[in-house]
Amino acid sequence: MGETVGNAETDPCEDLLEGLRRGRPAAGQDPVKRSQIIDGARRVFIEKGFEAASMNDITREAGVSKGTIYVYFANKEELFEALIEEERGTIFKNMYDMLDHADDLRQTLIKFGKVLSMKITSARVIQAQRTVIGASDRIPDMGARFYERGPKRGHDRVVTFLNAAIERGLLEIEDVDLAAYQFTELCLAGLFRQCIFAYRTKAPPQDEIDHIVRSGVDLFLKAYGTERLAEGEKTLHSS
């Protein structure tokens, strides 16, 4: 009887060490199992949406027990946020790094704008954003965290880039925060709303994105570009 009580109160640290000694991941630490659960959750959320999806649905789709799923995630909200973080990391990985090395301001803005527009209007991202919007009505904090960890971080990178261009004398902007929003909106002009409301059922073609982004960058630089930028571009084109 004494041994039974002792086993029931085993120190979690001992379990962790024992798992490591045997070469097994500790409870909740197996990346393969975690990925299996997230993949199952992804399919369920896409099919049913956040509200209608249940943990029972996810356990069946992922092929794990309910006990296993709760070792990794406390509830549906936590699982959904983990899924969104993984999706964001996969889709937007290294995208903002191109802003760290910008010798040609115009071409950097065009290149970044094309990638941004293509990713934001992709079916995968549109579906994820619809799901987040639907869930945010019931769980506002989750929507706020989604914005802070994703769009807000990206926005801050654009602000940093624009400030660097201002220091180089290439841009003259009074409200950099506003200008960063204006730039991303110009790169998505008309596209995002058409996609998010399913007016478009397919992602925009590359040639349309190219046209919208180039037009947007032209407008942005006409508003904020300096004479130094214009002189530099004139010299570049004449050489």
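**The cavity and the aromatic rings**

Author: The largest cavity is lined by F80, E81, I84, E85, R88, V132, M142, R145, F146 and R149. A cavity is a set of points on a 1 Å grid over the protein atoms alone where a 1.4 Å probe fits but cannot get out, and lining residues have an atom within 4 Å of a point. The model is predicted: local features need pLDDT of at least 70, side-chain atom pairs count only at pLDDT 80 or more, and totals for chains, interfaces and linings use all residues. Residues are numbered from 1 along each chain as its sequence is written, and side-chain values use heavy atoms, with hydrogens and water left out.

Reader: Which helix supplies the largest share of the lining of the largest cavity?

Author: Helix 6 does, with five residues. The lining divides into five nonpolar, no polar and five charged residues (Ala, Val, Leu, Ile, Met, Phe, Trp, Tyr, Cys and Pro count as nonpolar, Asp, Glu, Lys and Arg as charged, the others, Gly among them, as polar).

Reader: How is a pair of aromatic rings described?

Author: By the distance of the centres and the angle of the planes. Rings of Phe, Tyr and Trp (its six-membered ring) pair if their centres lie within 6.5 Å; planes under 30 degrees apart are stacked, over 60 edge-to-face and the rest tilted. The whole structure holds seven aromatic pairs. In one of them, the ring centres of Y96 and F112 are 5.4 Å apart and the planes are at 50°, so this pair is tilted.

Reader: Are Y96 and F112 buried or exposed?

Author: Both are buried (under 20% relative accessible area, with a 1.4 Å probe and protein chains only; exposed is over 50%, partly exposed in between).

How values were computed
On a 1 Å grid over the protein atoms alone, a cavity is a set of points where a 1.4 Å probe fits but cannot get out, and a pocket is an open set with protein on both sides within 12 Å along at least five of seven lines; lining residues have an atom within 4 Å of a point. Helices (H or I, at least four residues) and strands (E, at least two) are DSSP runs, numbered from the N terminus.
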